[in-house]
Structures are given as structure tokens and as C-alpha cells.
Amino acid sequence: MAETPTAGGPVVAQEWTAPRRAGLVLLALITVAAVANLNLSVANVALPSIGRAFDSSQTTLDLVAVGYSLGLAASVLYLGAVGDRYGRKLLLSLGMVLSVPACLLAAYAPSDAVLFVARVLGGISAGMAYPTTLALITALWSGPGRTRSIALWSAIGGGVAALGPLVAGYLLERFWWGSVFLVTLPLAVIALVLAVMLVPAHVNETAEPVDNLGGILSVLLVGALILAINFAPVPGQGALAAGLAVVAVAALVAFVVRQRRAAAPLYDLHVAGRRIFWVAACAGIIVFGSLMAAAFVSQQYLQNVLGYTTFEAGAAFLPAVVLMVLVAPRSAKLVESQGSRRTLLSGYVALFLAFAWMLFFWAEESAYWQIALAYAFIGIGVGLAGTPASHSLTGSVPVQRAGMASGTADLQRDLGGAIMQSIFGALLTAGYATAVGAAIATAPNAVEITSSVQNQLTKSFAGAESIAERYPQYSDQIIAGAKESFLAGADWAYAAGLIAIVVGAALVFFLFPRFDRERQLLAAYGAEDRREGVRTEPKES
């Protein structure tokens, strides 16, 4: 029981709620989320091995890396609404079942194209299960218990995702590249059993019909946007990228129109327009996108440039894992005592330091302490900012819209990860190809380099390695040039990360309400939701 001020100032009593066997229920939900989090991250450390196995271009490797996020981000809003209507527990269980064939297809994919399709399918299975976990936390807990539960969900989820490279690295040193996609199979079985036995069914679900047209438009919007970013830097694919961009814009316009006119919208734009909600959503996209994009580029950097083994590259990420798990519970206390705005900004400061360090100090001969320090800043930043980014979403919507809040929280991770990985990948591809092209143009024997060799050299680092094997007399020069070119492309990506972090921090600093105003707005949102059925929103200024 606690006392909370309403918008007009009077104090009302609130009863905090929690489910029976709360600890076990939370364990089940976190285990389900762990399946998605682990699947999300295992591919990054395997990218060099996959590139060598299929002679993949850098763009194809980018798509393999982003495929899971693409499937999850594109489906999460639609499937979150389906869970709100037809049963979150049912959708959660179906997601765990579908993850099994998706993992098997990825592990035994005969080509990188099939691997990409398998990763997208795995993302869709996660879209069934992952949003349900946060929706159920929102529906089952309230008050400080909800904040602590979200902090644990966020911290353990981030930690599991960050452990993915370590587990994948261990497997890659002993088995083939596909083994990394089998690691979640036993965890999925355990998660399914726990969910069926422990998770309550039909908690605060809605009777409103699902906006299927809005759901289809949301899938088109996210899918076309992410693919357009990935194909933009590819030579000869400008028309495809432009076409996908047009589809994304058209889908966005149609989606907004549909949501304004639908009797039961998929995504309530009135609620989404609440300042706490939309600022937290944007801030979280950058926070979680930074984590996933940094892991995506850095795992390739550690193996391609510094020569780490797959296991060493995965283990190098441990400072981020440890600090993320240690900091997140303290972040929950900061949210309760200092407010979300200050906690978010503290996380952004740490993330800025991480990307600045990577840009200026990660080089061809960097020592491990230089790597570990950047990862430590990432762990602190995501640990601090992750909880308020998710908590602000769930706290500013009615419990019947928990699927919308959890879907948006998932979009923070998955759309943020997909967009920033795609941007980083596009910049890495473009920067690498530009640097290789410049090196070829200034080479003493440039006239002797055939167009096919040039294409192979500029395609990816793995392509340069294959050329080095074909021409052993030039091997050292080719690998040295490829490393320099990779570093040039990586610097483009780190600079983009810095810009994104500055923009996100400015958004939070200027637009997210301070602590007292945040509490007033959250109380006003709750009062209005109870009084008017979420038809309008309180005045925010």
C-alpha cells in the first residue's frame, strides 16, 4: 500500500499487486525472454566463420546478423495485440514451439540465403513469446514490485544476450558454425515447461478485436525500412533500396491513418503521444540499439583485426555482461528515488564514453584493457538506462494496453538493434569498400589487379582472406590492407553511434519530465484511464 499524488494534488491510496508464487512466475518469464535474447546475439561472433563458409559479402553478413531482429521487430506489435486478445500464455507457448524448427533450419542451412530466412523465422517466433513476457509482468505486478521485476527482466535479458558471443565462441572452437544456433534448443524446452506450469492465463486481457490491417501495415513498415537501410550502400542495388524506402513511407502513412480511424486500433496513438511514453520509446531505441550494434561491429573487429579466436572474442564482452547485471538493480532504485530522466541521462553519459573510446582508441594493436574499458562503459550505460526506458512505457499505459507497452519495449531492443545494426553495417560496408578501393588505386601494381579480384577484395574481409590464400606472395599486404580498411569502416560506424547517442541524450534532457512532474503525469494518466477509458490524454504543460 502506498500514497500517490494525483494531477490535482490530493493523495489516493494504491494497492500494490503481485501474483501467487511471484518468484517462480518471474523465473518462467525471464527464461522465455532468455531464449529470444540468446538467439538474438549468438550470430555476431559466428559472422566471420559464416562468411568463410559461404564466401558471403559484407551485406549478406549484415542481413544474417540483423535477420532475427528484423523478424522480431516487424512482428512484435501485431503479435503483442494478438496476445492481448486471444491469450498471452497461448502465444508465448506457440513462440517457444516455433523456435525449435527455426533454430534447426538455421543450424543446417545450405546457403547464407536460407540462413537469413531461418533467422527471420526465429525472430517471428520470438515476436510471439518475447512481448508477452513484459506484458505479463505489467499485468501481474504493480508499484515497486513491477519496477524491480522489470529491472531483473531487463538486466538478466541483457546479460544473457551479452553472454551469447561467449557461448557461441566456445562452440565455434569445437564444432561447425551452425552449432551456435542449436544452443537455445534445451533452454526453449525448459522455458515451455515452466510457462505451461507457472504462468497464469487470461490476466487483464482485452475483448477488443485485433486490428489485422494495422498489423499487416506495421510488418510492411518495419521490414521495408530495415531492408532499405541494408541495401542502400550496395552497388547496383540503389533502385531496390529506393523502392523499399517508398514502401516503408507508404506503409507508415497508411498505418497512421488506419490507427486514427480504427475503432480498436493496434497502436493507440493517443497513448503513444503521451510525453513519458514516446520520449522513453525513442530513448530506449538508441540505448538498446547501441548495445547490439556495438556487439555486431566489435565481434568482427576482434577476430578480423586483432586476431582473437571465437572464444576469446566472446569472452572479451564479459565486462559488459557483468556490469549490466550489477548496475540494473541499482538503476531500479534510482528510478524510484531520482526519477527516470536522471537515470536515463546517466546511462547516456556512459554510452557516449564507450563509443568515443572505441572511435579514438580501438586500433590495430589495441591491448585488451582498451577493449574491456569500452565494454565496461557499455554495460554501465545499458544497465542504467534500460530499466527507466522500459519502466516509463509500462507505467504510462493502462494495463489493458500492456501488449502495446511491451511491444514498444521490445521495439526498443529489436527495432533499435535492427536499425542501428543496419546503419552500422551499411557504414562498415561502405567505409571498408571505399578504403579498399583507395588502396587498390594507389597500389604500385594496380594495373595488374583484375576486376574480379577487386570485387572480391571489396566484398568483405572474408573475401580479402580468400584472395590472400590464392596469392600467398601478396598475403601480408592484402591482409594488412583489409585490416586498415575494416578499421576505416568501423570508425564510420562508431561516429554514427556517437551522433545517435548525443541526439538521444538531448531528447531526454529537453523533453522528458523531471521527477516531480513525471509522478504527476503518471498519476494523471492512471486517473484518466480509469475515468475515461483511454479516450483522451492529460495536459502536459
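Predicted model: local features only at pLDDT ≥ 70, side-chain atom pairs only at ≥ 80, totals over all residues.

**Exercise 1.** Determine whether W362 and Y375 are buried or exposed, and classify their ring pair.

*Solution.* W362 and Y375 are both buried. Their rings lie 5.8 Å apart, centre to centre, with 80° between the planes. An angle over 60 degrees counts as edge-to-face, so the pair of W362 and Y375 is edge-to-face. W362 sits in the loop between α13 (340-361) and α14 (368-395), whereas Y375 belongs to helix α14, 13 residues apart. Ring pairs also join these two residues with Y301, F317 and Y494 in a cluster.

**Exercise 2.** Classify the ring pair of Y108 and W176, and state how accessible each residue is.

*Solution.* The model has 12 aromatic pairs. In the pair of Y108 and W176, the centres are 5.5 Å apart and the planes form an angle of 35°, which is a tilted arrangement. The partners are 68 residues apart: Y108 is in the loop between α3 and α4 (112-140), and W176 is in the loop between α5 (144-172) and α6. Y108 has a relative accessible area of 55% and is therefore exposed. W176, at 35%, is partly exposed.

**Exercise 3.** Describe the packing of helix α3 (residues 88-107) against helix α6 (residues 185-198).

*Solution.* The two axes come within 10 Å and cross at roughly 165°. Angles over 145 degrees count as roughly antiparallel, so α3 is roughly antiparallel to α6. The crossing of α3 and α6 is left-handed. Contact residues include L92, M96 and V100 of α3 and A188, L192 and V196 of α6. The contact residues comprise 12 nonpolar, 2 polar and 1 charged.

Methods:
Residues numbered from 1 in each chain as written. Heavy atoms only, no water. Axes fitted to C-alpha atoms, helices over the stretch in contact; angles between N-to-C directions. Helix = DSSP H or I, 4+ residues; strand = E, 2+ residues; numbered from the N terminus. Parallel < 35°, antiparallel > 145°, perpendicular 65-115°, else oblique. Left-handed = near helix turned anticlockwise from the far one by under 90°. Contact = heavy atoms within 4.5 Å. Nonpolar A, V, L, I, M, F, W, Y, C, P; charged D, E, K, R; others polar. Phe/Tyr/Trp six-rings, centres within 6.5 Å; stacked < 30°, edge-to-face > 60°. Buried < 20%, exposed > 50% of the residue type's maximum accessible area, 1.4 Å probe, protein only.
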